[in-house]
Each structure stands twice: as C-alpha cells, then as structure tokens.
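Hi,

Here is the structure I promised to pass on to you. Have a look at it first, and my notes follow below.

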Amino acid sequence: MVLWLCFLITVTVAESARILAFFPMPIPSHHFIFRPVIEGLSKNGHDIVYVSAFPYEEIPKNITQIDLSKYDIMEEYKSYGDLKVHEMGLLEYTRFMYSFGEVMARYYVGSKEVQDLIHSNQRFDAVMFESYFYQEYLSGFIHKFDAIAIEVITLGDCAWVNEMSGLPDNPAYQVDFKSGLSSNMNFLQKLYNVYVTTSTVLSSYFYLYYNQKPIMDRYFNYTGWESRPSIDVLARNRSLILTNFDQVFADTYPMAPHRKDIGGINIKTPKPLPEDMDKFMNDSEHGVIYMSLGSHISPANFKDEMRAFFDVFRDLPQRVMLKYDSEEDSQIPPNVKVSKWFPQQDILAHKKCVLFITHGGLLSLSEAIYYGVPLIGIPIIADQGKNMAMMESKGIGRMLNLNNITRDTASWAIREVLSNNRYREEVLRRSKILKDKRYTPVEEAVYWIEHTLKYPFTLTPKSLGLTATELHLLDVKIFVTLGLLLVLFMIYFFTNLIKNIVLKTRRKPKQKVQ
C-alpha cells in the first residue's frame, strides 16, 4: 500500500511535458551543448521530439528523432572552399551568415519531414531551438504549436542576444563576439566596439524584417498563420535563454533574469586513453602539447602556418599530438603523433598535457579551463577572436594572429606559455571556480526548463514586452532632440531679430538742429 502511494505521488510530481527540440545545424559542436540537456529532460520523463541533421546512432529513451542528415547543406558551400571567412568585414560576415541561415531554411525547414510536422496536429508544451544564430524564422514554431520558447545559445555573450533579451549591451565594457576584443579597451577600441555593437543590432533588425520574415511566411504557412504576431514580437518571445557561457571565461556583467548560463555543459568524466595514446603521453619526459583547430576546421588548409609549427615542434623536447587530416605528410616531425580524431577531453585531463593549441571555440576553452591546461589561441572565425582576447587578458594563455604565424611567432608563444608558470597557475585558479558549483550545468539547465514549463514567463523582464523604439527610448530621444533644436532655433531667431533691431537703430540718420 505504501509503495502504491509513493508511486502515485511520484507520478503526480513528475509532470511530463512534450518538447520539440529543433536543431538542424550540421555542425557537431552545436549539438554537444544542448544534447546533454535534452538527455537530462528525457531521463526526467519528458517526451522529446528531436529534429537534427546530426542524429543519434543510438536514440536515448523518451526521444523521438527526425533525421535530416540526408540533406547535405554543405554541398552548397563547396564553392566557398577558398573563401576566407576570417578576413571578412563586419557587414560582409553578417550578410554571409544570414545567407547560411537562408540555405538552412531551404534544406531543412522546407524538407518534407519538417513541413509534415509544421502542418500536423501535434501539440508541444515547449520548443527549444537556436534561432538567434541567423534563424529567427524558427520563431514560427511558437505560434504554430502555441508553445513556450526556450532559446539555446552556443556563442556566449552577443549584442543581438542581449538586445532580444531586453537588456541591450553597454559597449563601454561589453563586447560583441564579432569585435575580437576583450573588455579591457582603450579609447580607439571602445570607439570600434560602439561601431560593432551598433552595426550588429541595426543589421540584425534589418535582416529580421527583410530576410527572416519572408522566410517565415514561406515555410510556416500552416492553417491560421494569418493571426501570427509580427516577427519582432515572436523573436523576443522567450521564456528562457540558455547560454553556453560562464563568467569564469570573461568578466561579469548584468544579464536578463530569464537568461541562464550553462557553460561547461560539454564536460564529461574522462575515460582511459587508447593504449597507444596513453603510452605516447606517459613516455614523454617533458610533457605533451595537444593541438586541434576543432571539428570543422582543417589545419591542412593553412599549409604555411602548419609548416611554421612543424619547424618549431621539431626542436621541442615535448611530444605533440596533432589533430590533422593527412597522416602521410612528409613534413611531420618524428616527435609529433597525428590523427584525424583524438579524444580531446581525455587528453586534456591527462597529467602529461602541458599546453593546448586551439582555434578558440567555447567548448575547447571550457574544457581547457576545467582541466587546468594553459592555452595558445589561433582564432579563425565567429566568436573565436573574442574568446581568445578574453583568455589572453585573463592571463591563461597567449593569442596568435592567423595572418602573422611564422616560425618565430609560433616559437615565442609556445616557449612563453611553457616557461612562464603564471599561465598554469591562473588557469588552475579558474578551474577551481568552474568546478565549484552547487549543481552541474545539466542539472541547472533542466531545473530552469522545468521551472519555466510550470511557470511560463515568470522570469522575463518588463523590457521584453517593449518595441525596439520603446526599449531604446527612441521616441523620447527624438522628442528631446527636436525640443533642443527648437530651442536653438528660437535663440538663433531672437538673437538675429534683436541684432537687426540694434543695427537699424544705429543706422537711423540723426535730425539736424535748426
């Protein structure tokens, strides 16, 4: 009887929700952030419909998968093989990324599987997506399913995300990821940061109305779509924002109450290395340097830069583990072990790992900090420049400019970080901070999702219901500006009037005395 009552109580407490997790991005790193979250939700008994172009091989319990991997979006971008995204200007980069979002809509949202979902009678309590990554049109799911929206941010701090959260950036100390700056700025850098922040927000509003709205209207044409609110209203309609960020990566700053940071969510319990890798590391008397430019960037595309690193590696007492495409490259030094894949976290967790040379993605950054390994960053695209600028300003490593990598610069950076113990001491200090939490990032994310399912919009600030004009007091600023102009005009007018009267009085001819 007691067991039966306990069962009934458990069923009552564990209110199961149906959640649509829409993440079609064909880039693995964008899935490592939210997968632990949806797996945590499924373990708590929630029913998840997971739409992905990077599907599970073994689908966890309570997760129904819609596989979009047969649609090869990257095929369309093969013509961009020689395109140097890292050399693009701010507006060109924004235009390129919104065109990428448009292609994703055509391949994925326009697919038969997703169109069947959009025109179905299914019901969802919540929708999770990564819409602020140039996919604001996904907000159409909110109206279609009359569901609360949970945003997942892979990038960390971003001016557009903060704008949409109702707490816009202050460029005096907050930097957008496209700026490549840390928060320690001189006057000229602050001036540039104002330009980046303003351009980001204005261009994002432009694309919201003139790019994202037509895409939403084209693909979200379900019955009753005519009653849908405007896209700017839907784009702000977020009950919860989960961000792949932690203040240990940068400086603290104010954030909206419905935004919750879950940086470090990708950290897993280290596993024993394969025998050959473990032997390679343990037999290295002076430690091992690990180098990887991430899951989506090929080092072979940077031949001159890699040649410079090979020349440096050849003269080092340390061994090197290098994630590299070509294992047959004749220039690879004998102390370098190359592979197309390495278990990164297990290597960083190894006691012999003394340095991590990375592209600067937030996942790699969080893993290096967690395991206490100092860094050398080579930012290439997206948020990597800002991540590495912050890392350098906090004293946990050094940054190399991709356009200025030579044997001398690479040698200096490696020897500086390896020989100066302050980098390891600082990264170990930050490692303690990152680990010192009441709850794991997954537990934190699942708690807030379940909280917002029970109490939607209780965390959202008043500013979220304001238009852009109201949020930035544009109407008040215009009124005050016009008032000041009117006052200046009145001063000018009366000054000239008095001046003319005085001049006329002085010019009046005097009458002759008879």
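Helices here are DSSP runs of H or I with at least four residues, strands are runs of E with at least two, and both are numbered from the N terminus. UniProt, in an unreviewed entry, lists 478-498 as "transmembrane region"; its positions are given in the numbering used here, with feature names shortened, and its annotations may be inferred rather than shown by experiment.

Before you go further: this is a predicted model, so local features need pLDDT of at least 70 and side-chain atom pairs count only at pLDDT 80 or more, while totals for chains, interfaces and linings use all residues. Residues are numbered from 1 along each chain as its sequence is written, and side-chain values use heavy atoms, leaving out hydrogens and water.

Now the sheet. Seven strands make an open, parallel sheet in the order β3-β2-β1-β4-β5-β6-β7, where two strands pair if DSSP finds at least two bridges between them. At the edges are β3 (63-67) and β7 (259-261), each pairing on one side only. From one strand to the next, the twist averages 20°. Strand β6 (residues 240-243) runs parallel to β5 and is joined to it by four bridges, and Glu151 stands opposite Ile241 in β6.

Helix α2 (residues 35-43) lies across β1 (18-23), β2 (47-52), β3 and β4 (126-129), at about 155° to β2. Contact means heavy atoms within 4.5 Å; axes are lines fitted to C-alpha atoms, for helices over the stretch in contact, and angles run from 0 to 180 degrees between N-to-C directions.

Then there are the cavities (on a 1 Å grid over the protein atoms alone, sets of points where a 1.4 Å probe fits but cannot get out; lining residues have an atom within 4 Å of a point). Four of them have 30 Å³ or more. The largest has a volume of about 160 Å³, and of its 21 lining residues, Tyr132, Phe133, Tyr134, Cys158 and Phe177 are the closest to its centre. Elements giving two or more residues to this lining are α3 (90-109), β5 (148-153), α6 (159-164) and α7 (187-219).

The second largest cavity has a volume of about 70 Å³. Its lining includes Phe177, Phe245 and Asp383, and helix α13 (residues 384-393) gives the most to it, with three residues.

Technical notes. 1 Å grid on protein atoms, 1.4 Å probe; cavity = no way out; pocket = protein on both sides within 12 Å on 5 of 7 lines; lining within 4 Å. Points joined across faces, edges and corners; volume = space filled by probe spheres on them.
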